[in-house]
Amino acid sequence: MVETGTGTLPAYTETLPRISESVGHARRLVGLALNVWGMDEDLRDIAHLVVSELLTNAVQHARRDSVRVTVTRLDDQRVQVSVVDLCRKRPQRRAARANEEGGRGLEIVDALSGGKWGVDPLPWGKRVWADLGAGEEPPGE
């Protein structure tokens with residue numbers, strides 16, 4: 001369970017080493033959580049891509065040796081995927097050139113989340129998150 005501003009929500013979270021091999025571990029964590037919660041397979045595919053992009057950014061650009069991955073169930077059809085790292089520098093969206101291999105991660109996250117993603121500054125770093133799925137919007141949004 002993760003404490004949020006709206007109470008306690010079911011979540012799975014894991015601290016992983018900040019290495020490229022952790023992307024596979026994060027995808028398994030997200031897949032396990034969505035499977036346990038009975039979420040749609042299409043949502044699992046989207047969540048796998050999003051956690052891969054968020055964690056890859058942290059592996060490439062953050063400092064320190066570890067990151068924290070969390071997947072939180074928001075309701076029956078929506079989850080939030082987040083990555084916390086120990087670097088205060090905010091990720092920047094940019095337009096990648098056609099011949100570049102990288103540089104599209106946040107564009108992908110933006111597209112798959114319908115623009116529902118963001119960065120929360122923390123005293124020791126940041127949390128980059130994306131809300132995924134098609135459930136009911138919380139009141140006031």
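1. R44 and E41 are three residues apart in helix α2, so about one helical turn separates them. Their side chains meet in a salt bridge, with an N to O distance of 3.9 Å. The whole structure holds five salt bridges by the search made.

2. The model is a predicted one. Mean pLDDT for the chain is 86, and 81% of the residues reach 70 or more. Residues 1–6 need separate mention: pLDDT stays under 50 there, and the model has 11 contacts beyond four places in sequence for this stretch.

3. Helix α1 covers residues 22–36 and helix α2 covers residues 41–61. The two pack with their axes 9 Å apart, at an angle of about 150 degrees. Because angles over 145 degrees count as roughly antiparallel, α1 is placed roughly antiparallel to α2. The crossing of α1 past α2 is right-handed.

4. Which residues make the contact? On α1 they are S22, V23, A26, R27, V30, G31, L34 and N35. On α2 they are L43, R44, A47, H48, L49, V51, S52, L55 and T56.

5. How do the residues of the contact of α1 with α2 divide into nonpolar, polar and charged? Nine are nonpolar, six are polar and two are charged.

Technical notes. Residues are numbered from 1 along each chain as its sequence is written. This is a predicted model: local features need pLDDT of at least 70, side-chain atom pairs count only at pLDDT 80 or more; totals for chains, interfaces and linings use all residues. Side-chain values use heavy atoms; hydrogens and water are left out. pLDDT is the predictor's confidence in each residue, from 0 to 100. Contact means heavy atoms within 4.5 Å. Axes are lines fitted to C-alpha atoms, for helices over the stretch in contact, and angles run from 0 to 180 degrees between N-to-C directions. Helices (H or I, at least four residues) and strands (E, at least two) are DSSP runs, numbered from the N terminus. Angles under 35 degrees count as roughly parallel, over 145 as roughly antiparallel, 65 to 115 as roughly perpendicular and the rest as oblique. A crossing is left-handed if the near helix is turned anticlockwise from the far one by less than a right angle, and right-handed if clockwise. Ala, Val, Leu, Ile, Met, Phe, Trp, Tyr, Cys and Pro count as nonpolar, Asp, Glu, Lys and Arg as charged, and the others, Gly among them, as polar. A salt bridge is a side-chain nitrogen of Lys or Arg within 4 Å of a carboxyl oxygen of Asp or Glu.
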